[in-house]
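Please look over the sequence and the model before reading the points grouped below.

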Amino acid sequence: MKKTFVTVLMMMAIGQTMAQEVSFEAKVSKRTLGLNERLRVDFIMNENGDNFNPPSFKGFRVVGGPNQSISNSYVNGKRSFSKTYTYFLIPTQKGALTISQATIDILGEVYKTSPMKITVTEAVEVPRDPNSPEYLIDDNLHLVAEISNSRPYLNEAITVVYKLYFRNPLRISDGRAVENPQFADFWSHNISIPRLQVEDGTYKGEPYNVVVWKKSVLYPQKTGKLTLEPLTLSLVIDLPSNRRDFFGNRILQQSTRSITAGRSTINVKPLPEEGKPVNFFGAVGQFDFDALINKKALKATESFEIKLKVTGNGNLKLFNLPELVLPNTLEVFEPEHSEDVKTTLSGMQGSIEDNYTIVPRFQGKYPIAPVSFSYFDPKKEKYFTLRSSEQIIDVYGGPIANNSNENSPIVSKQFITNADESFRFIKLNSNLEPIVKKEFWNSKLFYILLITPLFLLLAFVLIVQRNRGISNDVEGSRLRLANRLSKKYLGEAKKNLKNKALFYDALERALYNYLKARLKIKTDDFNKDKIAEFLGQRKLEPQEIQFFIALLENCELARYSPTTDVKMQQDFDQALSVISNIDKKL
Amino acid sequence: MRKLLIFISVFCFITAWGQGKDSTFENANAAYNAGQFENAVILYKKILDNGQHSAELYFNLANSFYRLNQVGESIFYFEKAKQLNPNDQDILVNGAFAQNMAIDAVEVLPKSQITQWKEKTIGLLSQEGWAYFAVFLIWLLVLFWGIYLWNKVPFVKRTFFLLTIVSALLLMGSLSMAFIKSSNAEETTYGILFNQKIEVWAEPNSRAEVLFLLHEGTKVQMLDQLQEWQKIRIANGSEGWIKNGKVRSLKGFK
């Protein structure tokens with residue numbers, strides 16, 4: 001056995017001496033490797049050379065090297081020399097790669113290696129060394145971002161808690177945040193952690209130590225996909241190495257590690273449009289609403305307060321309270337806003353309130369209209385509207401406001417009432433009348449009454465004018481007078497114009513009657529002398545008296561003498577003219 | 001005997017019916033005094049439905065609504081009462097209380113001396129009053145003129161001529177008053193707003209801007225109408241359009 005070994009050695013030596021030529025070649029650790037594996041390339045030469053020129057290693061990244069090693073050995077006086085350049089490479093791409101030629105200058109001549117083909121395959125699972133520090137750290141250190149809800153509603157609180165899990169044998173000696181997430185598009189609140197504390201916890205069912213690194217409450221302010229930026233921590237980790245100290249304890253080895261967590265996308269849902277109340281101001285959560293009034297009855301010019309208060313759990317700082325609508329005659333000051341809100345992991349809690357100070361100037365009853373406050377409950381996924389009860393403020397003992405803009409034409413009638421004017425009692429007399437009343441204006445009666453007097457006036461004017469015309473026309477008037485008289489006294493005579501005896505009888509009677517009526521003479525003492533005397537007393541001309549007497553005598557005579565119709569007519573006319581003449585004088 | 005009975009019962013019925021409305025009024029008053037304002041409102045409205053009204057009835061109704069804190073109704077009936085009896089102190093005082101309850105304070109536009117004077121004159125008598133006055137004047141005028149024409153004494157004649165002219169002028173005045181009043185009443189319609197809150201727009205479409213807000217109980221003058229839009233004017237002279245507004249007209253007694 002020994003013999004054969006010697007022979008082989010001998011033969012090799014011979015061979016070597018035989019091929020005492022310069023060689024320069026490249027060797028690779030493997031021809032095929034995974035993307036995640038490393039490749040070792042050695043460039044070996046048996047004579048010392050200069051100007052080593054490595055290839056470009058296209059498709060690879062140099063992670064180690066060049067390391068140079070030289071070995072010189074003398075065996076049986078024979079010198080063997082070798083010089084090696086070693087590179088460690090990691091492939092950067094898959095496929096067939098070529099390591100191209102390297103050159104070197106040996107004893108004045110340039111040698112080249114032959115190019116080598118390397119096949120890079122998919123990454124291969126590498127069984128890892130459980131004792132390697134990398135492995136230890138990876139296995140025992142975890143940074144986790146816990147997001148309470150990745151599909152919240154707009155303005156619904158979500159929490160992000162960053163927890164650092166680690167366990168033996170790791171110990172963390174220092175740590176700081178390299179990159180703190182900026183929560184754009186969120187209203188964020190960091191819950192400050194005064195001291196980092198290590199607690200016991202479990203991670204994937206195994207006991208771990210836990211440090212809560214950071215707690216944030218976020219209220220999304222936009223709908224859609226929002227990105228959470230990650231938190232990156234730089235940690236200094238102590239971990240035991242393989243080496244042991246004098247006492248057999250493992251020597252701790254420090255290593256720095258960056259660890260990142262929490263890059264995630266949050267899909268923010270918009271609030272449902274269905275059933276959205278009109279007066280919804282964006283309150284999301286669970287709330288209670290109340291309007292508190294500190295006085296129900298007060299004197300005018302005193303003040304009272306109305307407090308609109310929302311208590312509960314939700315985005316308290318992110319919405320406005322509803323506005324109070326008050327009657328105009330109340331003097332209202334700007335509301336005082338106050339907040340008592342604590343932000344915990346479950347969101348904002350507490351109360352916000354608007355405090356209105358109000359001074360009524362005038363007495364009366366003032367209804368405080370109910371204020372409604374609407375919010376969206378993301379848990380029940382429904383809108384709720386809370387309404388404060390309507391209240392009446394009774395103000396007494398002040399002047400009454402005068403803003404009665406009346407319909408009646410007596411507008412701007414200043415209406416001054418004394419200070420303690422009170423609400424008047426109802427009226428007790430009904431004085432009812434039918435609603436549908438006939439209007440006098442524009443009615444027929446109205447026009448008739450309006451027009452009739454005009455006609456009356458017209459008629460009156462006509463009559464007056466006619467009268468005036470009669471008095472002006474003398475001849476006509478005499479005729480008319482005579483007609484009237486003849487009608488009155490001579491009517492009978494006129495009827496008997498055909499019968500002579502009756503005619504003259506009637507004519508004589510008529511003359512006597514006329515005198516009797518005009519002169520108020522009694523029939524007994526009636527003779528011609530007396531008539532003449534009477535008529536003389538009435539200042540009649542003697543000629544006229546004569547005429548009258550003559551007519552009377554004529555009547556007596558004519559009764560017994562033959563007369564013609566013409567004579568009768570003549571006598572009648574004469575009587576008429578005599579009567580009318582006398583009548584005028586009397 | 002039977003006839004007599006029927007007659008008596010009919011007579012009783014008629015008298016009861018005749019007094020029915022007044023007793024309703026009294027019942028309503030009693031309900032009001034007892035604090036049952038809802039009942040009072042129902043009873044008062046019954047009287048209105050029977051076709052009867054009065055300033056007193058409207059006043060009591062308005063008071064009941066005031067007690068029930070219904071601003072719009074209360075103001076509406078106070079205005080009604082004022083229409084029938086513009087100068088009643090009780091109505092004015094309680095109306096001011098109701099106005100206090102309303103949310104809007106509309107400052108009345110100041111009026112010039114002439115308008116004030118004119119309105120005062122027109123307001124001296126109601127429209128009917130002016131009409132009766134005109135009729136009275138025309139009779140007087142005719143009488144005076146007749147006396148003027150009839151009489152022959154120069155002094156009397158002169159006096160009555162003057163009186164005639166004066167009464168003619170008065171007649172023309174009162175006729176024109178009545179005319180102005182009736183045309184005013186026809187052209188201007190006032191209403192009370194019953195919407196809790198309503199926006200007043202610059203134009204009758206939703207693209208226009210909102211000018212101001214009005215609340216229940218505001219008195220508005222109703223102007224033009226375009227589909228569901230109503231043009232209104234409030235006492236301070238501002239105008240605008242409201243959409244589907246609940247405005248109850250004060251015109252007519254219903």
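The structure is a predicted model. Chain A has 586 residues and chain B has 254 residues. In the contact between the two chains, 51 residues of chain A meet 63 residues of chain B.

**The two chains**

- Chain A contains nine helices and 31 strands.
- Chain B contains eight helices and eight strands.
- Buried residues account for 22% of chain A, and in chain B 35% of the residues count as buried.
- Among the contacts in chain A with a separation of 6 or more, 70% are between residues 24 or more positions apart.
- In chain B, 57% of the contacts between residues at least 6 apart in sequence join residues at least 24 apart.

- As background, strands of a sheet pair through backbone hydrogen bonds, in either a parallel or an antiparallel arrangement.

**A three-stranded sheet in chain A**

- Three strands of chain A form an open sheet, and their order is β2-β10-β7.
- The pairing in this sheet is mixed.
- Which strands lie at the edges? The edge strands are β2 (32-34) and β7 (95-99) of chain A, each of which pairs on one side only.
- On average, neighbouring strands of this sheet are turned by 35° against each other, with direction ignored.
- The strand β2(A) pairs with β10 (residues 116-121) of chain A in the parallel sense, over three bridges.
- Gly34(A) has Thr121(A) in β10(A) as its bridge partner.

**A helix pair in chain B**

- Two packed helices are described by the angle between their axes and by the distance between those axes.
- The axes of α4 (residues 71-84) and α5 (residues 89-101) of chain B come within 9 Å and cross at roughly 155°.
- Angles over 145 degrees count as roughly antiparallel, and α4(B) and α5(B) are therefore roughly antiparallel to each other.
- The crossing of these two helices, α4(B) and α5(B), is left-handed.
- On the α4(B) side, the contact is made by Val71(B), Ser74(B), Ile75(B), Phe78(B), Ala81(B) and Lys82(B).
- On the α5(B) side, it is made by Ile91(B), Asn94(B), Gly95(B), Ala98(B), Gln99(B) and Met101(B).
- The residues of this contact comprise seven nonpolar, four polar and one charged.

**A helix pair in chain A**

- The axes of α7 (residues 528-537) and α8 (residues 542-560) of chain A come within 10 Å and cross at roughly 155°.
- This angle makes α7(A) roughly antiparallel to α8(A).
- The crossing of α7(A) and α8(A) is right-handed.
- From α7(A), the contact involves Lys528(A), Ile531(A), Ala532(A), Leu535(A) and Gly536(A).
- From α8(A), it involves Ile545(A), Phe548(A), Ile549(A) and Leu552(A).
- The contact of α7(A) with α8(A) has seven nonpolar residues, one polar and one charged.

- Most residues other than glycine have a negative phi.
- Asn51(A) is not a glycine, yet it has a positive phi of about 50°.
- Asn51(A) lies in the strand β4 (residues 50-53) of chain A.
- Is Asn51(A) buried or exposed? Asn51(A) has 9 other C-beta atoms within 10 Å and is therefore exposed, as 12 or fewer is the limit for that class.
- Asn76(A), also not a glycine, has a positive phi of about 55°.
- Asn76(A) is found in the loop between β5 (60-75) and β6 (78-91) of chain A.
- With 7 other C-beta atoms within 10 Å, Asn76(A) is exposed.

Notes: Residues numbered from 1 in each chain as written. Chains lettered and ligands numbered in written order. Predicted model: local features only at pLDDT ≥ 70, side-chain atom pairs only at ≥ 80, totals over all residues. Contact = placed C-beta atoms within 7 Å. Pairing = 2+ DSSP bridges. Helix = DSSP H or I, 4+ residues; strand = E, 2+ residues; numbered from the N terminus. Axes fitted to C-alpha atoms, helices over the stretch in contact; angles between N-to-C directions. Parallel < 35°, antiparallel > 145°, perpendicular 65-115°, else oblique. Left-handed = near helix turned anticlockwise from the far one by under 90°. Nonpolar A, V, L, I, M, F, W, Y, C, P; charged D, E, K, R; others polar. Buried ≥ 20, exposed ≤ 12 C-beta atoms within 10 Å, placed from the backbone.
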